[in-house]
Each structure stands twice: as structure tokens, then as C-alpha cells.
Amino acid sequence: MKFTESMLRDYVETSMTAEEIGNLLTMTGFELEEITEVNGEKVLDVNIMANRGDGASVIGMAREVLAKDESAKPTDLYLRAMNGFPLSDMDSRDIWAKASVAIETENCTRFSARVFEGISNGTSPDWMQDRLTKLGQRPISLLVDLTNYVMLETGQPMHAYDLDTVAGDRLVARQAKAGEKLRTLDGQDHDLNPDQMMIADGDRVVGAGGIMGGEETEVSATTTRCLLEAAHFVNTSVRKTRKEMGLQTEASYRFERHVDPEGTVGALNRFAELLADAGGPNAVHGVIDIYPAKAERNEVTVRMDRACRLLGMEISMREAQAYLTRLGFEILSSDDNALTVAAPTWRIDVIREEDVIEEIGRVHGYEKIPEINPEGTTGRGGVHGIYRMVDDAVSSLVRDGFVQSFSHTLGDAHPLDAPGMERTILRNPHSPEMAHLRNSHLPNLSATVLKNGQDNVHTFEVGKLHKSGTEWHGLGIISCGNFESESWRETDKSKADFFTLKGVVESLGERLNRSITLAPSDSDERFHPTRQATLLSGRQVVGVIGQIHPSVAEATSLPEHAVIAEINLNDLFGAEATGDTFTSLSRNPAVRRDIAFVIDKSVAYSKIEDSIRASSAEVLEKMWLFDVYDGKGIPEGQHSLAIALQFRKHGNFTDEEANQVRDQIVAGLESLGAKLR
Amino acid sequence: MELIAKVEAEALAAIESATTTAELREHELAFLGKNGSISGLMREIGKLPNEEKPKFGAAVNEAKAKVQAAWDAKSASLKNAERAVQFEQERIDVTMPARHRSGGRKHIMQITMDRIKDVFTSMGFVYEESPEVDLFSYNFGALNYPDDHPAMDEQDTYYITDDLLLRTQGTTLQGHVFETVKPPLRRFTIARTFRNEAVDRTHSHTFHQVDVFMIDKNVTMAHLKGTLRTFARAMFGDEVEVRFRPDFFPFVEPGVDYAISSPKLFDGKWVELGGAGLIHPNILENYGIDPDEYSGFAFGLGVERIPMMAYGVDDLRLFTENDFRFLEMFS
């Protein structure tokens, strides 16, 4: 909300500069956005908190200054405002001969009006035009400028009708009827429904109360008789209707945040006095004021010991009473500790003891609150369970040379999305390309690869993935190209392939205390059909691994040699944990035997490993495949494998013993069809 | 005896004349080895009368020691010379470029989140998460938002259905925790949050919030301020001060906006970090917690703001673009 420095000084006398006032308002909660100088005067722009509609007025701002700055004094104008800008004609009933008003809906709780005759709706006084212009508003006419100006001062939205256009000289606040229409004064046509509260005359709807008036009853240059409305509307009704109508106005902004229902007549009076000052006619004597149920003030009792305890600072009863009085609260009673107050009608946000405590605290000053670390009981803090596993997965991948990516959840459909899932999709996306919640990290990771050279990138991401009805912590990995950058030295030429990534995944399992094994598969269309596997932890499927499908590589511009893996960390977390176990170390030397044999390629290596383990009992410490050959001299469909075996036991191995174990192993392999070379 | 002197002279001359360690090793075999000429002298001893044997033996040993000493000295000097040549040949230019393994690296957001977790876990807070796609009620109703209130307008929300939305704030964890955990409790989360906004240098539809809350007996605004100061100092240095100013968030009362400043940072200005306050008594009561017995505080702030402020990162988009040139600036 914007106001000029002089508008505020009309209501409060303070030695503070505009900047100091801005800072004071910030420290009361109305944050100063900026001070600008327009035509030689400072204009302050402050943020209004969503529960503080009373702040959207110069009087509200003046009240905050008076509460916080003990040396500030209210001006006569402020004191008159607090009395409702009293005029002497208010008991007259002359006005009833000119117009009438009725309320036929719960969504209007007060409808006040004045009537003016013999108007010449020219321009508003220079000083008013000057102030409005400084606030960025365009002066329109005397009547319109006056409603705008008085709203700025008092916070009460008002609407001026050309009374000659009002059928029956009568206005009613009521719900719209089905089929009714309204053209608002911005020229927009609206179809109305019975959930919307409207102002109607004898014939038709003439305005959207609290939002915007209608074009047909708008004041114009030829207007001579004017009915001025100052009403109070229920905030939720205004909010609902203005959203449906697609409108947002200064009036609706205020009603949504609450306007003081006690302020309608005062605003009419202020209008009347400013109109007369501007050379206009006096109002027709009397005020129409339909006010079925007077607004009640919230009465709240605050315990000062509790206030001091929650605020963490000492404040005396005397100080608390002074702060609250300056804010417009009435002290109803007090004893040593309990203080009962009535909150002003412009402060419906004050309901509970804590709300009053906040008022006391913010006027006293939050800068006086000391800084103390928490005391009391505490359990074991920390990052545990699945959240620990996610962090540990990050560390594992980083140790293996992978760079962590961090990407958006929202995106478009992508060839690397996880297949066969009902997606979670936004109903109101910012753009169609941002409608899908990711169900895989691979689309974003492919973007990381493309952004960083299109090859020789090893990257991963952890984070939530989504499908309809559920979300989980996912891990995605893409690995492609060299592990070491090109160098003037002869470097490690090994490139990422299925087996380097398999190693990364196995290391991950080891560090997370979960077994991860591979089972051949061919069903995931993102992967090369003969180079993919399902990842298992025990019997639980936890993910997939494979080389990218060449068609997907083509579609995404990723290199064909890229290898990728995805793991559902929640599933992995749920799988059985493998503990670390100690076995006593043999201090005897190990012996090594190498075997080389030819075997059908169709025999899975895991079968060979299983057979070797089964034949060698406990003495096999380690085995490793060190050569695979399928060239000249090897029958079609077969290959030659060379495996190193390392044996060790408690006590020395003799050559014969080692040979015996080797022979058992060979016998086992022969039963799989192996022929020793 | 003459023979000894002759062999000794021969050996010394040969050693002296050697120019390589390889040559010297040949002389070692020829003179000092098992079948060398000095060892051969010992075999001459058998031919001598008994009374001369000791004297001859001593003389041979003396000669052998002398030759050995000469050999050792020559060997050392030749080795030094050869090493000197070798070292010159092996000279490298240490200023040539290093070789790097493709190094793993945490993302700056992860680094920041790890630091945040360190601070709060060390203060006894338990890390927890709640869903990104959550019920409307956890995002608003459970947090004391009045029905259809303008406070919701500040959080343009993405909806999946009428009831399901992408959470707009990390505070949604509160309802999930209060349903299952009784006080005293200390919890914190780092939550990915979403608002329906266009992306530019300073705005994004996706950002992250740290949200921290505790409930215990006698929790006060002073504890809130103390915790914030501890946190802010861990992130931005020991000279950081914390300032509160009143603000409105439906889930706290009193509610504040907190700002930090430090003589060395942010041009000495106050920089607002986030919202905070004492947990609203309506919320406590909704979960069966007596506000006269317990009180609690809650605060939140944007995670991205921490590196933006600490390093002067000037574009929010960098955090999700995964440009390695950016990521490599932080470790």
C-alpha cells in the first residue's frame, strides 16, 4: 500500500523522517518495500500482512506509528477519525425521502449511504489530484477521486452511484439470481450465479459489492445526484466472487483482508466534509445505515507471566496496558497477572491470548528478546533410516567418481521415463512441458550429459520420483566414455561399460549393507535388449541396469555406449540388511592356481562361479577371471576362459593339497561341459 | 709375500681404472669373489711352512681389506656419477599439467544440505521427510490457514486433484509428525517445495526449504532466536546477528520474519532469511497438545539462499542446470 508522507502527517505528529517512519513500520510488521520521491515528496510503499486489513489505510499506519513511537502525537484529524468524523446532521431522516437501502443476504453485514444533490462532477481539488498522482493513480472526476482518496485514508471502500440511473432510488444487497448479468465499469460482461453477492436496484444488478460497480449506474460528467455507498461485506464472499469474476480491485483487496465494519459512516462523513471543502454541495441531511447486528469486539484475557515466558523477555503490566491502549484495545479489567482486553473491531485477527501476547511483544520490541539455545529434553538427533541410506548412496557414488546432478521434478514426457507407470500429472501446469512429475532421473541425467560435452560424463541423481498415488527415493546413474580426461601423458584408456557400472552398483550395495545381484532380463525398452539386467536384493526387485538402447540413444543424442542404472532406494532399504562379519585371518601364505578351459558361451558365468565355489569349500579365498578369448582355435559358440584361483587356510597348503582342490574344481566345471585347455 | 703385493697392486690398479659400475662388478668377481685372485692367495697358504702360515694369512686379509675398501670407495663414487647422469636424463617439468581421475563431486545443494543437517542433528533434532505430493489439508488446514484466505494467494499452488497438491512449504511435515509423535520433540526437514511461478534469475517453480520445529515445556521466543543465531553462525560465520520483525504466518503466533547481518557480509545490511515464530496454539490443540503445558517454535528458510548469500551466486537457475563448470566451484 502506497501513501505520501504528507497524508500520514495529516494524522500523526512525529519528528521522525520518512525513512525513520518506514523503518518503524517495518519493525511493526508492515515491511517497507521502498521510499520513492515523486514531485518533491516522499512516497512510502509498505507490505500489508494478509491478516491485517486495518493496515491498508493511512489511519492504520498512523496508529502503528503512535503505538511504537511514544513521542508521536495524534493530530486533531486523527482524533476526529477515531470519533467517526462526526457531522451534525446525522440524526436527520431527510435522506429517506430520497433513497432507500436494504440487506437481503448474510454476506452483507452493514449498508450505509449518503445522498448528494446539485453536484457538478468536475475535477477534484488540486491538492487531492496531486496526492493521487504521486501514488500513481489517475485523477478521474471529483466523485471518483473522493471515493478513492477516502478509501486510502480510512481503508473503507466506497462506491458512488448516479442516483438518476438507480431504478426506484433503492439499492439492495442480495445474492444474484440465476441468469442475471452485470457489465462492470471496466466494460466486462459477467454471468452471475446465486453464490455471488451483488448490489441491485429495483430492476437489476448494478454492482458487484465490495469488488466493482456496474457501468450503467456509474457516475459521469453529467451526474447531479449521487448515492454514496459504504458497506461491509463478508471477506470470504468477496474473495470467492471476485475470483469467479476474474477481478481484483483495491476494494476487494481490503475486504478480503477485513475492513472495520464500524467505519462505514465515518468514511461517508469524511467524504461529505471533503466534498463541501471542495466547493461541492452539502450532503442531504441524514445517513442511511442498515446494520442488523453490531460487530462485537473479541474479549481476551492475557496472563502476563505467560506472556513474558513465551516472549522470553520481561514486560510489566503497566507497559502492556499502555501498548494495547495505543493500539486501540480497551482495558476491561486487570489484576496482578491477568489482563482482560477488548480488541478493536478492526482487529478481528486478535482472538486468543497468544494474539494479544504478540501485540504486546511487537510494540515492546523483538530486539529485546535474548538469544538462548534450547533447553530441556532431547532424544537422539540425527539422520536415520531411509534418509541415512539416501545420503550414504550419494557418498558411495561420489567415491566412485560420479558427479551429483540436481534437477527439477517437473518436466515433459521423455524416452527415458520409466515405462509402464501411471504418471502423476499437474492439473494446472505453468506450461505443458512442465506438467509431468518425474518418474525417473534418467531424462534429467541425460540433460546433464548433453550439457557437459555429450560424452565422458559420469553422473547420478537422488531424489523423489513419482507415479500416481506414490512417491519414492530414486537413484539414477548414467556413465559414458572415459574415466580420465584426455592428457599429454599416456592415460587409463578404459571406458565405462556395463561391467564398470555393475562394479559401481555392487560397491553401492556393499556400502549400504544390502546385497545387490543381477538377473538377466530383456523387458525394459530403454535398454539394449541383450545387455540389461534386473537388480535384485534378495528376491526384491530394486532396479535395472543396462546399456542404452541404440534407438533411445539416437532419440536423446546420448552416446550408444552409455550405460545406465536406476535403483528404488526405498525398496533397497526394505530389503534384508547384510551385516559386517568378522572371520579370523589366516597368517599362512596363499597359493594360486590358474585354470583355462573352453566352454559354451551359453553357460552363464555365474554358473561357473557357483560351481567353483561349490567344489572348493572354504579354502577358496578369491577367484578372478583374467582372460576371455573366442578367436582362432576355439569352436564356434564357445569361448576360452582363464580363471585365477587363490586358496588359503589356517595352516600351510602343500602343493598336492592345492592341486587336489584345483582338480575337484576342474571336475565340477567339466560336468558343465568345460574342456580344460 | 711378493705375490700378495703383486695381486694387491693389480687389483687396486684395476679398481682405480674402472669407469662403470658394471666394470667394477667384474673386478669384484675377479679379485674379491670366491674364485677371485685374492681368495686364491689363501689357497697358497697350504704350501707354506706352518710357522709362516699366520703371518701370510694376516697379510692376505690385510690386502683383501684394503682392496675391499678401495672397491667400496670406487663403487660409491661411480654410483654417484651414474645417478647424476640418470637424474639428469629423468628430469621432468613439474609445471606441466596434472592428471586427474574423473573425480566424484557432491552438488552444491547437497553440500549445503549436509551442513544444515550437521547443525541441527548436533542440537538434538531428528531429520524427517514428508511427501512432495501431499493432501491440501497438510499444506494449509493443518497449518491453521483459514478457509479460502488471502494468505494462500502468496503460494500459487500446483494441483494434481482437488485434494492433492505439490506442497508449497516444508512446514507440511508438522501435521505428519504431530499425528504420531508426542512432545517433547525436535524435528527438521529439507523439503523440495513448489509454487506456480515462471523461472528466471531469482524465481523458480521449485525450491528447497529447511523447516525446523520443536515442542517442549517452556519453549520461548528466546530459544527460537538462540537456535536461529546458532544456525546462522554455523552457515555464515561467528559474527552474525539475528533480528526479528513481526510478520504473519498462519501457523505461528507470535510470528516473525528473521533477518541476519554480519559486519563482513551483505554490505552490513539486514538480509531477511525466512519466517519463524511460536507454533500456533490452535495447531497444538488440534493435535491434543495443551498449550499451557507445552510450547514450541518453528522456522523455515530457503536452502538456495544460503549458497546465494555465502558465495554471491546470482542466478537461481544454476542450481538445477548441472553445468559442471558451476559445480566444480564448490567442494
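Tutor: In helix H14 of chain A, the buried residues are Leu442(A), Pro443(A), Asn444(A), Leu445(A), Ser446(A), Ala447(A), Thr448(A) and Val449(A). Here a residue is buried if 20 or more other C-beta atoms lie within 10 Å of its own, exposed if 12 or fewer, and partly exposed in between, with C-beta atoms placed from the backbone. H14(A) is thus mostly covered, with 8 of its 10 residues buried. Helices (H or I, at least four residues) and strands (E, at least two) are DSSP runs, numbered from the N terminus. This is a predicted model, in which local features need pLDDT of at least 70 and side-chain atom pairs count only at pLDDT 80 or more, while totals for chains, interfaces and linings use all residues. Residues are numbered from 1 along each chain as its sequence is written, and chains are lettered from A and ligands numbered from 1 in the order in which they are written.

What do the buried residues of H14(A) pack against? Their partners in chain A are strand S21 (410-411), S23, strand S24 (470-480), helix H16 (550-556) and strand S28 (563-568); contact means that C-beta atoms, placed from the backbone, lie within 7 Å. Just after H14(A) comes Gly453(A), with a positive phi of about 105°.

The contact between the chains takes 75 residues from chain A and 76 residues from chain B. By class, the side of chain A that touches chain B has 24 nonpolar, 30 polar and 21 charged residues; Ala, Val, Leu, Ile, Met, Phe, Trp, Tyr, Cys and Pro count as nonpolar, Asp, Glu, Lys and Arg as charged, and the others, Gly among them, as polar. For the complex, the predictor gives an ipTM of 0.87 and a pTM of 0.86.

Confidence in chain B is lowest in helix H3 (residues 37-44), at a mean of 80, and highest in strand S1 (residues 126-127), at 98.

Some backbone details in chain B are worth a look too. The peptide bond from Pro183(B) to Pro184(B) is cis, with omega near 5°, and Pro184(B) sits in the loop between helix H7 (173-180) and strand S4 (185-194) of chain B. Another cis peptide bond joins Glu253(B) and Pro254(B), where omega is about -5°; Pro254(B) belongs to strand S7 (residues 252-261) of chain B.

Asn513(A) has a positive phi of about 60° although it is not a glycine, and its place is the loop between helix H15 (498-511) and strand S25 (517-520) of chain A. In chain B, Asn218(B) has a positive phi near 65° and lies in the loop between strand S5 (206-216) and helix H8 (221-236). Asn218(B) counts as partly exposed because it has 14 C-beta neighbours inside 10 Å.

How values were computed
Two residues are in contact if their C-beta atoms, placed from the backbone, lie within 7 Å. pLDDT is the predictor's confidence in each residue, from 0 to 100.
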